[in-house]
Amino acid sequence: MIDRFSRLFVTAIFSLLLAASPVLAAWPEKTVNILVHSSAGSSTDIMARALAKGLEDVTGGTFVVTARGREAMPALLNAPADGYTLSTQTRSFLPELMQKQSPFNPEDFRWVAKLVGESYAFGVLVESDLKTFQDLIDQSRANPGEITMSTFSTGSMHQISALLLNDAAGIDVNIVPYNSGSDLVVAMLGGNVDVAASNPSRLIQQVEAGETRVLVVTSEERNPNLPDTPTAVELGYGIVQAHWRGLIAKAGTPDDVLAEIDAALLQAIQSQAFADYVTTEGLEVIYKGPDVLDAVVKQEMAEIKPRLEQMDMLK
């Protein structure tokens with residue numbers, strides 16, 4: 001017969017085992033598929049994989065990340081609205097949803113989380129005669145439209161943010177849109193364009209390799225990985241713009257499921273896997289969950305609307 005001391009001992013051991021195990025919430029009860037709306041190895045793909053590792057660590061669940069590119073959104077909309085198929089998205093999806101040619105509408109999706117953010121950055125080849133942002137201003141004014149600047153696709157937040165800074169500084173350049181963030185940087189590295197309107201995380205490797213110089217960033221403060229690069233605010237142009245990455249779900253996903261996902265994400269972004277990712281990429285955690293993110297997105301879309309109207313791209 002088990003005496004009182006033995007029962008207490010068994011209870012204590014069981015409690016310790018529970019404390020050492022991941023906390024299993026109601027979500028996930030089965031495998032979660034995280035679709036990546038960009039290519040394998042992209043900045044967003046790297047984020048998704050770090051997040052999946054963090055989620056597995058804190059929930060004990062299984063998370064499968066698949067880079068689907070342009071197929072991600074149709075795949076998300078074809079899946080059940082149950083919280084077990086999610087997709088990455090970025091701030092650039094906002095103007096896409098508002099454009100005439102978009103097959104999607106804001107009402108098709110539910111924003112789940114805004115996870116990380118970083119500024120925009122304007123980079124050139126290290127041998128370029130554009131040594132400073134002032135050089136870019138001076139040369140573009142002396143030769144309007146001759147300097148070429150690569151951005152992400154037409155109407156994207158990369159392009160809109162580049163245009164905002166160009167307008168503020170009185171820059172007249174020829175904007176050349178590319179289909180991916182990687183392609184626009186490759187175009188600059190190959191000498192096909194003079195300037196790449198990108199992000200610090202995409203340019204830092206080239207800076208460290210001595211191939212690229214960053215002229216300006218659009219953050220409030222200098223990027224710690226680019227300490228010698230001034231901000232647009234420092235230079236007298238009041239432009240503060242950040243590119244953010246997050247998660248979306250299909251519209252109709254129940255609020256209680258979103259609340260469970262939110263709770264798991266709040267733990268996952270504090271995991272070692274996610275912290276290592278943020279540090280390595282030089283990003284900032286700017287978490288906002290589904291309870292407030294819808295309002296944030298609507299506000300940002302309202303700010304974007306006048307620019308899309310000027311470009312005759314608004315639905």
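Ala, Val, Leu, Ile, Met, Phe, Trp, Tyr, Cys and Pro count as nonpolar; Asp, Glu, Lys and Arg count as charged; the others, Gly among them, count as polar. The model is predicted: local features need pLDDT of at least 70, side-chain atom pairs count only at pLDDT 80 or more, and totals for chains, interfaces and linings use all residues. Residues are numbered from 1 along each chain as its sequence is written, and side-chain values use heavy atoms, without hydrogens and water.

**Exercise 1.** State how the lining of the second largest pocket divides into nonpolar, polar and charged residues.

*Solution.* 
- Start with the term: on a 1 Å grid over the protein atoms alone, a pocket is an open set of points where a 1.4 Å probe fits, with protein on both sides within 12 Å along at least five of seven lines; lining residues have an atom within 4 Å of a point.
- Find the residues. The lining has 24, and E118, S119, S219, A242 and E284 lie nearest the pocket's centre.
- Sort them. Seven are nonpolar, eight polar and nine charged.

**Exercise 2.** Decide where the buried residues of α7 sit around the helix axis.

*Solution.* 
- List the buried residues (under 20% relative accessible area, 1.4 Å probe, protein chains only). In α7 they are G181, L184, V185, A187 and M188.
- Look down the axis. These residues fall within an arc of 155°, so they line one face of α7.

Notes: Buried means under 20% relative accessible area, exposed over 50%, partly exposed in between (1.4 Å probe, protein chains only). Helices (H or I, at least four residues) and strands (E, at least two) are DSSP runs, numbered from the N terminus. The arc is that of the directions from the helix axis to the C-beta atoms.
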